[in-house]
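Please look over the sequence and the 3D structure shown here before reading on. The report below is meant for someone meeting this structure for the first time.

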Amino acid sequence: PIVIYPEGTRVRVGEAPPLKSGFTALYRALDVPVVPVAVDSGRLWGRGLVHQRGVITFRIGEPIPPGLGREAFERRVHAAINALESAAQPRA
């Protein structure tokens, strides 16, 4: 298993910055499924050294099959991560 943060940093729910090129290159070179995972550590761990105590949640999505083109793959990754993060948001 390889764990990669494809955006290279934490992002807010709904954001879709370009994925780092190495992430897509690995996907294409290895020809294996990618399992999207959303992590909510950003609400407790700000940038820098200040961190709050709490529980960090990992939400695991359905595998994305190998063989997609770059644009289709990136759309699927962003959609999956944002869907997982949206599901984790508290309801008002």
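What follows is a short report on the layout, the core, the helices, a charged pair and the surface.

## Basis of the report

This is a predicted model, in which local features need pLDDT of at least 70 and side-chain atom pairs count only at pLDDT 80 or more, while totals for chains, interfaces and linings use all residues. Residues are numbered from 1 along each chain as its sequence is written, and side-chain values use heavy atoms, with hydrogens and water left out.

## Overall layout

The protein chain holds two helices and two strands, and from the N terminus on these elements run α-β-β-α. Helices (H or I, at least four residues) and strands (E, at least two) are taken as DSSP runs and numbered from the N terminus.

Of the 92 residues of the protein chain, 25% count as buried; here buried means under 20% relative accessible area, exposed means over 50%, and partly exposed lies in between, with a 1.4 Å probe and protein chains only. Among contacts between residues at least 6 apart in sequence, 59% join residues at least 24 apart, where a contact means heavy atoms within 4.5 Å.

## The nonpolar core

A nonpolar core is a set of buried Ala, Val, Leu, Ile, Met, Phe, Trp, Tyr and Cys residues joined through side-chain atoms within 4.5 Å. The largest one has 10 residues, namely Leu19, Phe23, Tyr27, Val34, Ala38, Ile64, Phe73, Val77, Ile81 and Leu84. Helix H1 (21-30) and helix H2 (70-88) are the elements that give two or more residues to this core, and the largest share, four residues, comes from H2.

Phe73 is one of the core residues, and, leaving aside its neighbours within four places in sequence, Phe73 is in contact with Phe23, Thr24, Tyr27, Val34, Ile64 and Leu68.

The buried residues of H1 are Phe23, Thr24 and Tyr27. Seen down the axis of H1, these residues fall within an arc of 95°, so they line one face of the helix; the arc is that of the directions from the helix axis to the C-beta atoms. On the other side of H1, Ser21 and Ala29 are exposed.

Just after H1, Asp31 takes a positive phi of about 55°, in a residue other than glycine. Asp31 lies in the loop between H1 and strand E1 (37-39), and Pro36 lies in the loop between H1 and E1 as well. Pro36 is buried, with a relative accessible area of 5%. Leaving aside its neighbours within four places in sequence, Pro36 is in contact with Arg59, Ile60, Gly61, Glu62, Pro63, Ile64, Ala80, Ile81 and Leu84. Pro36 and Ala80 are 44 residues apart in sequence and 6.4 Å apart in space, C-alpha to C-alpha.

Side chains of opposite charge can pair when their charged atoms come close. The structure holds one salt bridge, a term that stands for a side-chain nitrogen of Lys or Arg within 4 Å of a carboxyl oxygen of Asp or Glu. The partners are the side chains of Arg70 and Glu74, which meet at 3.0 Å, N to O. Both residues lie in helix H2, four residues apart, about one turn of the helix.

Which of these two partners is buried, and which is partly exposed? Arg70 counts as partly exposed because its relative accessibility is 37%, whereas Glu74 is buried, with a relative accessible area of 15%. Leaving aside its neighbours within four places in sequence, Glu74 is in contact with Leu19 and Thr24. The C-alpha atoms of Glu74 and Thr24, which are 50 residues apart along the chain, are separated by 7.9 Å.

## The surface

The protein chain exposes about 6700 Å², and carbon and sulfur atoms supply 58% of it; accessible areas come from the Shrake-Rupley method with a 1.4 Å probe, and for residues only the protein chains shown count as cover.

Ile2, Ile4, Leu26, Leu30 and Val32 form a nonpolar patch on the surface, with about 410 Å² of accessible area together. Patches are made of residues with over 30% relative accessible area and no salt bridge, with like charges joined within 9 Å and nonpolar side chains (Val, Leu, Ile, Met, Phe, Trp, Tyr) within 5 Å. Leu26, one of the patch residues, is found in helix H1 and counts as partly exposed at 34% relative accessibility.
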